[in-house]
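Have the sequence and the 3D view open as you read.

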Amino acid sequence: MTTDKPNHNNKSHAALQNVRAMMALVYKLQGRRPHLPNIGVMHGPSGYGKSQAAIYAQNKTNAIRVEVGDSWTRKTLMKAILTELGVVPRGTVADMVERAVELLGAEIDRPLMIDEADKLVDKGMIELVREIAECSQAPVILIGEEALPSKLVKVERVHNRVLDWAPAEPCDRDDTRKLAKLYVPHLTFSDGLLDQVCDRSEGRARRIVTNLDHIAEWARNHGAKAVDETYDGRFYTGDAPKVRNPSRMIRRVA
């Protein structure tokens with residue numbers, strides 16, 4: 001479950017392309033005609049900023065957002081949703097589903113966002129979400145890894161109720177520049193270095209932020225306020241460190 005609470009003055013997020021895609025998906029679901037389905041899906045590789053986009057949309061739309069844990073059961077899921085809805089969970093799973101439907105249905109434009117939704121499919125719990133979506137008619141956004149659409153295909157009753165899919169895209173130079181302005185606003189970056197950061201990070205927002213931090217550390221050590229392609233510090237690429245030669249790990253005593 002997320003601990004992030006709605007904050008319409010939140011300045012901790014950059015308006016990346018995936019944030020715009022998430023907002024477009026939410027608005028499409030909210031503005032759909034009554035006969036259209038009310039489930040949307042954002043999917044993409046880890047680190048593309050899907051969860052951050054969801055938090056941004058949560059803040060902007062007063063959405064309910066939960067993040068599914070590995071250990072969650074149907075009861076855990078319903079308790080999390082009801083807690084986010086501001087009520088104390090009580091009763092059986094059926095009782096809690098009925099209460100969630102009642103509360104979501106009372107605020108028909110208030111989205112329900114479920115992050116790590118892959119786990120609900122894997123655990124055979126996604127039908128519970130379909131029931132809530134169908135009975136409440138509230139916008140429901142499922143967020144998950146790249147394989148989420150292919151997993152949902154196997155659950156026809158849910159797959160048929162998806163109004164639209166929003167594939168998360170890798171960050172580009174503009175996204176990288178926005179992240180730099182957000183996290184290291186005191187530094188000036190050349191376009192060439194922004195491209196390097198983006199490429200070496202494989203467009204993953206999480207890695208881009210890490211590499212920007214490395215560059216900021218390098219700039220502090222070199223007294224630099226502007227950095228360009230001559231940057232010779234490290235990049236985090238996600239590659240695991242190579243196995244070291246044990247013979248070289250022996251400490252030699254003089």
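Residues are numbered from 1 along each chain as its sequence is written, and side-chain values use heavy atoms, with hydrogens and water left out.

The chain's mean pLDDT (the predictor's confidence in each residue, from 0 to 100) is 92, and 93% of its residues reach 70 or more. Residues 1-10 stay under 50, and the model has 20 contacts for them beyond four places in sequence; a contact means heavy atoms within 4.5 Å. Where pLDDT is low, the predicted coordinates should not be read in detail.

Rings of Phe, Tyr and Trp (its six-membered ring) pair if their centres lie within 6.5 Å; planes under 30 degrees apart are stacked, over 60 edge-to-face, and the rest tilted. That rule gives two aromatic pairs. Trp218 and Tyr231 are edge-to-face, because their ring centres sit 5.2 Å apart with planes at 80°. Trp218 is in helix α11 (residues 205-222) and Tyr231 in the segment after β7 (226-227), so the pair ties together parts 13 residues apart in sequence. Helices (H or I, at least four residues) and strands (E, at least two) are DSSP runs, numbered from the N terminus.

Tyr231 also pairs with Phe235: centres 5.4 Å apart and planes at 85°, so edge-to-face. Trp218 and Tyr231 are both buried, and so is Phe235. Buried means under 20% relative accessible area, exposed over 50%, and partly exposed in between (1.4 Å probe, protein chains only).

## A buried threonine

Buried or exposed: which is Thr176? Thr176 is buried, with a relative accessible area of 0%. This residue lies in helix α9 (residues 173-183). Leaving out residues up to four places away in sequence, Thr176 touches Leu194, Val197, Cys198, Ile208 and Leu212.

## The largest pocket

A pocket is an open set of points on a 1 Å grid over the protein atoms alone, where a 1.4 Å probe fits, with protein on both sides within 12 Å along at least five of seven lines; lining residues have an atom within 4 Å of a point. The largest holds about 420 Å³ of space, a volume being the space filled by probe spheres set on the points, which are joined across faces, edges and corners. Of its 26 lining residues, Gly49, Lys50, Ser51, Gln52 and Arg206 are closest to the centre.

α2 gives the largest share of the lining, four residues.
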